[in-house]
Amino acid sequence: MNMILSPIPWLLVIPLAGAVLTMLIPLNWRSPASMFGLLTQLLASLLLGYQVSQYGTQIYAMADWQAPLGIALRADGLATLFILMSSLVATACALYAHLYLNLTKRGHFWPLLWFLWASLNGIWLAADTFNLYVGLELLTFAAVGLVAFASDERSLEASIRYLYAALLGSMAYLLGVALLYGAQGTLAMDSLAETWHWGPTNQVAITLILGGLLLKTAVFPMHTWLPPAHGGALTPVSALLSALVIKASFYILLRFWVEFEVYRHLPSLSQLLGVLGAGAIIWGGWMALKQTHLKMVVAYSTVAQIGYISLMFPLLTAENSEASLMAYHGGILMLLAHAFAKAGMFLAAGNLIYCTGKPDLASLAGMSRYRPLNIFAFGLAGVSLMGLPPSGGFNAKWLLLQSSFLSGQWWWIVVLLIGSLLSAAYIFRVFAYTYQETEATDSFRRPPITIELIALCLSVASILLGFLSIWPVNVVSLPGPFMEAMP
Amino acid sequence: MDTNLIFTLGGIGLCGLGLFGFIYHCHLLRRLIAFNLIGNGTFLIMVGFAQRGQGVTDHVIQALVLTGIVVAVSATALALVLIRRWFHLKGSTQLPEDDAS
Amino acid sequence: MNWTDSLPLAVLMTSFLAATIIFMLPEQKHILRSTINLGAACIKIILIIFLIQAVLQQNYPEVRLEVLPGLDLILRADSLAILFAGLSSVLWLFTTLYAIGYLENSPNRSRFFGYFSLCVASTMGISLAGNLFTFLIFYELLTLSTYPLVVHRGNTASIKAGRTYLIYTLTGGVVLLLGVASLYALGGDIAFGDIERTAALVGTWPELMTIIFILLIAGLGVKAAIFPFHGWLPTAMVAPAPVSALLHAVAVVKAGAFGIVRVVYDIYGIELSWQQGLLYPIAIIASFTILYGSWRALQQIDIKKRLAFSTVSQVSYILLGISLFGPLGTIGGLVHLLHQGLMKVTLFFCAGNYAETLGIHKIHELDGVGQRMPFTSIAFTVGAMGMIGLPPVAGFISKWYLGMGALEANMGWVIFILIGSSLLNAAYFLPVLKRIWFNPQQGSWPHERVSNCRDAIPLLLIPALVTASLSIAAGLFASSILSPLGWAELITLREYLR
């Protein structure tokens, strides 16, 4: 397919061009130019969604350079879903940032956002392990830059911690990829999968890669960098980081896990990942319950939610293909629901903080009377995160439960149910604060209705996902190398 | 013992040294240098693989190492900017002890 | 595709859309909000009448949406669904009317009525759910939409009550989820009424299916407030009176009881449950809850608390009816679902009237109120007589059928439970009636708010009088097909002839 018809190159070229362009043009031109960019991204991702669902997996060689030197891009069902997810969430966050930040901050925000977006799309579409590395590193730079953007002491500290953790993770990943190349002489995902053999080199390589990716995904107990970074950043940035950025390393992890059939050869490792996930659910939920700052509650909730998503690994077993498929669907749905719900929740939390002017929970008293729409947005996102119906989070939890039943791994059921009660506890704790009527004066700032509506839209999307889950489930099940490698 | 193995062992040594430094030191600059050591070790291992063909070098690997070096340099630059700003703000070269986690 | 097929969805959407619009409305648009509320309630009743027609012609409208592979969201109007949906839609109209009067001049009405409509939407979803998955979705949605109503006042007591409410209902929800998920893992998507599938499953995994039954009943029992899961109900009394009426008479406890009806009749099937010995334990727990609730009600001095424990006791009548194997017991249980709703909502309206008009909260403050507020007191008397089971109020019919059902099921001891409970009911209601009508007024009223009017304001009085008349009418015209009893007989006929 040629350059004009396929939306794949546009998904990379426009964000990259946007990053360069918005850095060069004057401050007050940056937003209009970016708005145009947002539109093209939305259109390109919708077009890609259409093409992939109609014609199946799309392969694209950049500038017709073939492998090994050229850059091959591949859009299968999984990648397409992630492209669509990041387009929708990033657009919402970008619009929010446009309304929320002042002119100077906004001007500096755009290049970083486009940079982030380009690296995300690069990761979703990458067909070889080295492109994934480049994408990961660029993503780290953009994300660290965005965290440091708040330019106060806390966010700076958080960004340095984040940078070091992320760099260590990428280096482990790179070393692993280098070893894989040494053993097999190729970097492309599909030819690696074809010639894969479980020698000692490959085992060391895969361990390094998984370790690095787990660190970057902030899987418990390697999560300590996440809460300060996500809780301390500016609101739209927090939303982007929690909803999209951590998903990138998870996505790579999932691709390696399935396409190289790690689940088949290292079943004990999958149980270990499940245990880490369970730890994240319990510990993240517990810590969220103990926080006194609103955004830290939301940030720790991300730690717990990563735990839920990781529960798909022990359930992806070679023995039971039906249970594995359910786990795969459940995990992806959980990830998708989390992207919308967490972005919505961070934005709603940011609005609440904007109203009260204070970041702590106690000052939320009376908020549900003053800003009912905003509390409603927060609540809807909370419903999905708690896994209560009707929501995408519930359907995901349902699939994971069914998968645990079918594969006979009942202990994950216990974890899932305890986790839902814990998340209900920390979310309703926030709620109880907003319903309190205290004597304190009501000197709240009034946020523009538009930023409240953006938060509401994202939260509503996570609820609607509960009714439309069949669509993403069908998209990620489209045939391709990934689905062939599934048990 | 062929050159490949020497490169690999050397690379692993560098990586180990870097990892040790990364965990052991609190000074931000030292940790940054340690990170660069890990990076160099990794590149050394990769370059070692490139020599396998007895005289014929593998240009894919060289392209990769070059890209890797560029990325590492950018990472170092970004880290330096952040460290410098931290130093201006707090007058300290290390992060406060982690108590939040 | 028949046009009636979209009716279940339309019934659900009327309250859902009303909720959405009300959330968007500014706080001060009171008249518009009330119009939307009442309009939606009336439209819903009309739609329900169409549904009744369809169901009478043995035509069961159905809407399906595939949510996940092999998992459907089903809204289906069968005769049992109509029973509950009809009750909720009628009571919603009067509770809305009452709430408009009750909350006049109080803050946060937009929020209140928004969640109120959402709550009714979820009740409609519960009644029209066509499989356990759909039921579960709306059951949890009900929890979520009632929480803001319980904590509506925002003081420390409400927030504490809200927490207790959540701890009970969310834990119950998790237990229910576990039960439903394991049932689906064993047998896939089982629609209500598909009892052959369950029978096959029970044949293969008898123990497992018994455990699932226990999980389902326990999860639902939390909302139905069966002992020992009843603790949230009296605590939630801090909520405004219309909310209490809604929680007690229509939505929450009934959702639990209705769920148990569904599980017993439409998942396991009444005969299978009986053969497996699953009904007898329910009968024992229900009997115990009946006596325990009445006993605790006797000890309360707060009017609303006494009514709350009375609810604990009365809802178990429904369960008792279900657990009596035989058509008469079933009729008794189902008809009490409606009768208890009508009578209890009347009592709560009256309690709210006393509190709003004269500031009366405690029973000893009721002395001589019959002279001051005669109409409210008449309505209260009707409700109380119904609870005791005196003819011609509807409560008598339920108890009569329950007693007959007990004899039919060879469980004669249940008669003694019914007599004991009636005595206890009399013991905690008759002294109240004596105070209202025969004791002289003692000093001034605690907090007299309305002095220019003989009784409560009309918006508060009319709903109470209407529901009181309805509960007498349900007793007097019991032989009509459209009376609660007639409909319960229709359901039972279709259930036992299957």
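Tutor: Start with Leu116(A), which is found in helix H4 (residues 103-125) of chain A. Keep in mind that this is a predicted model.

Student: Why is Leu116(A) called buried?

Tutor: Count C-beta atoms. A residue is buried if 20 or more other C-beta atoms lie within 10 Å of its own. Leu116(A) has 29 other C-beta atoms within 10 Å, so Leu116(A) is buried.

Student: Which residues is Leu116(A) in contact with, leaving aside its neighbours within four places in sequence?

Tutor: Leu139(A), Ala142(A), Ala143(A), Leu146(A) and Leu240(A). To be in contact, two residues need C-beta atoms within 7 Å. Take Leu240(A): it lies 124 residues from Leu116(A) along the chain, and their C-alpha atoms are separated by 9.4 Å.

Student: What makes up the secondary structure of chain A?

Tutor: Chain A has 22 helices and two strands. Buried residues make up 66% of its 487 residues. Of the contacts in chain A with a separation of 6 or more, 79% are between residues 24 or more positions apart.

Student: How do you know that the radius of gyration of chain A agrees with a compact globule?

Tutor: Set the two values side by side. A compact globule with 487 residues would have a radius of gyration near 23 Å. Chain A has 21 Å, so the value agrees. Along the principal axes, the C-alpha atoms of chain A fill a box of roughly 70 × 55 × 40 Å.

Student: What does chain B look like in secondary structure?

Tutor: Chain B has three helices and zero strands. From the N terminus on, the order is α-α-α. Buried residues make up 35% of the 101 residues in chain B.

Student: Which chains share the most contacts?

Tutor: Chains A and C, of the two pairs of chains in contact. Chain B and chain C do not touch, and their nearest C-alpha atoms are 28 Å apart.

Student: What makes the span of helix H3 (residues 79-102) of chain C close to the one expected?

Tutor: Work from its 24 residues. The expected span is 1.5 Å times one less than the number of residues. That gives an expected 34 Å, and the helix reaches 34 Å from its first C-alpha to its last.

Student: Why is H3(C) called mostly covered?

Tutor: Look at the count: 24 of its 24 residues are buried.

Student: What confidence does the predictor give?

Tutor: For the complex, an ipTM of 0.90 and a pTM of 0.92. Chain C averages a pLDDT of 88, and 98% of its residues score at least 70.

Technical notes:
Residues are numbered from 1 along each chain as its sequence is written. Chains are lettered from A and ligands numbered from 1 in the order in which they are written. This is a predicted model: local features need pLDDT of at least 70, side-chain atom pairs count only at pLDDT 80 or more; totals for chains, interfaces and linings use all residues. Helices (H or I, at least four residues) and strands (E, at least two) are DSSP runs, numbered from the N terminus. A residue is buried if 20 or more other C-beta atoms lie within 10 Å of its own, exposed if 12 or fewer, and partly exposed in between; C-beta atoms are placed from the backbone. pLDDT is the predictor's confidence in each residue, from 0 to 100. The radius of gyration is taken over C-alpha atoms; the globule rule is 2.2 Å times the number of residues to the power 0.38.
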